[in-house]
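Student: I would like to learn how to read a protein model. Please take me through it feature by feature.

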Amino acid sequence: MSAPAPVRGTPSVPPDDGARVDFGRPTRVVRGFGGRLSQRLDLRTIAVCLGLLVVALAIGVVALMTGDYPLTVAQVLGALVGGSDGPVQMVVVEWRLPRALLALVLGACLGASGAIFQSLTRNPLGSPDIIGFNTGAYTGALVVMTVLGSGYTSVAGGALLGGIATAAVVYVLAYRRGVQGFRLIIVGIAVSAMLASLNTWLILKADLETAMAAAVWGAGSLNGTTWAQAAPACVLAVVIALPLVWLAPRMAMLELGDDAATALGLRGERVRLALVLLGVALTALATAAAGPIAFVALAAPQLARRLTGSAGVRILPAAAMGAVLLAASDLVAQRAFAPTQLPVGVVTVSVGGAYLVWLLVREARR
């Protein structure tokens, strides 16, 4: 005897026991605030994020150990928990920890920002450095350097304003009854090219000392990082990232298409605008703290996507992968030609250029 057909309009819903298999992937539902907030977590994604976090922390510990004053793991851990004093405490906590921590935090910011824009544009090339937001932040910093001087606070503020202003211009020019990913990328590339010409002109018109400082900062560098730079950047990163806890599931809904998202009760354009603002803020923060660092936002979401095997890019794995990439790149920048320290942007450009060529070839074949 065949099973009775379900009544139309009353689909059968299995009991929500907190763990299921969707499309062959184990997931778990996490609830909070008395059940008002719930989130379905993919177990493979969680495992990948935890693995990347362990790798990132291990790279950070290695960065704290190596240098002109080499240390052991026990000495580093002792200094971090306050069990050391004298030169070890000063070397680890005061000299090396701000740089290592800032590399992890800024890498996570760039990875999350890249995931946002690649999801919104539905294109692996839709990252902030390709669209031009990094270039706009650099323009804002250059204007401040040439007009007001090269103080860290003023340069950081100029970079933030430049990145946000560039995003506003690109968004307005790309808007036509909504923002389409391909149009956003094309407009962003065009605006980035114009801003790059403006940046060159500003450097040529500046005096020699300002031009040299701008060129060094424009390479993207964590050299000489202190707590005066690292502490505010880390606090701002946490503040900016908090709304993503609410917006990340809605970003995944937008990938279904505007019609499907609207049918699910999502106000697509408002969510899209909020994601753009947060993505720009994360990119501008990283640029303000260390200069424009290329290719981390481009590569991290796609690498994380291949590890998790997910259908689209996700913010948390991309942030974890970004932290790994930037921390590893900064370690190479410190030790590859020691005692000479390279700007971390030189390393990311070298690695990211090869990745971009591979990505372009792959997309062309598809």
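Predicted model: local features only at pLDDT ≥ 70, side-chain atom pairs only at ≥ 80, totals over all residues.

Student: How many helices and strands does the protein have?

Tutor: Helices (H or I, at least four residues) and strands (E, at least two) are DSSP runs, numbered from the N terminus. The protein has 15 helices and 3 strands.

Student: What percentage of the residues count as buried?

Tutor: Buried means under 20% relative accessible area, exposed over 50%, and partly exposed in between, with a 1.4 Å probe and protein chains only. Of the 366 residues, 47% count as buried.

Student: Is asparagine 134 buried or exposed?

Tutor: Asparagine 134 counts as buried because its relative accessibility is 7%. Asparagine 134 lies in helix H5 (residues 133–147). A contact means heavy atoms within 4.5 Å. Leaving aside residues up to four places away in sequence, asparagine 134 touches Pro128, Asp129, Thr283, Thr287, Pro292 and Ile293.

Student: Which residues in H14 and H15 meet?

Tutor: Two packed helices are described by the angle between their axes and the distance between the axes. Axes are lines fitted to C-alpha atoms, for helices over the stretch in contact, and angles run from 0 to 180 degrees between N-to-C directions. The axes of helix H14 (residues 315–335) and helix H15 (residues 344–365) come within 8 Å and cross at roughly 115°. On the H14 side, Leu326, Ser329, Asp330, Val332 and Ala333 meet Val344, Val347 and Thr348 in H15.

Student: What is the phi of arginine 122, and what is that of phenylalanine 295?

Tutor: Arginine 122 is not a glycine, yet has a positive phi of about 55°. Arginine 122 sits in the loop between helix H3 (87–121) and helix H4 (128–131), and is exposed, with a relative accessible area of 52%. Phenylalanine 295, also not a glycine, has a positive phi of about 75°. Phenylalanine 295 is in the loop between helix H12 (268–290) and helix H13 (296–308). At 17% relative accessibility, phenylalanine 295 counts as buried.

Student: Where is isoleucine 46?

Tutor: Isoleucine 46 is in helix H1 (residues 43–65). Isoleucine 46 counts as partly exposed because its relative accessibility is 32%.

Methods. Residues numbered from 1 in each chain as written. Heavy atoms only, no water.
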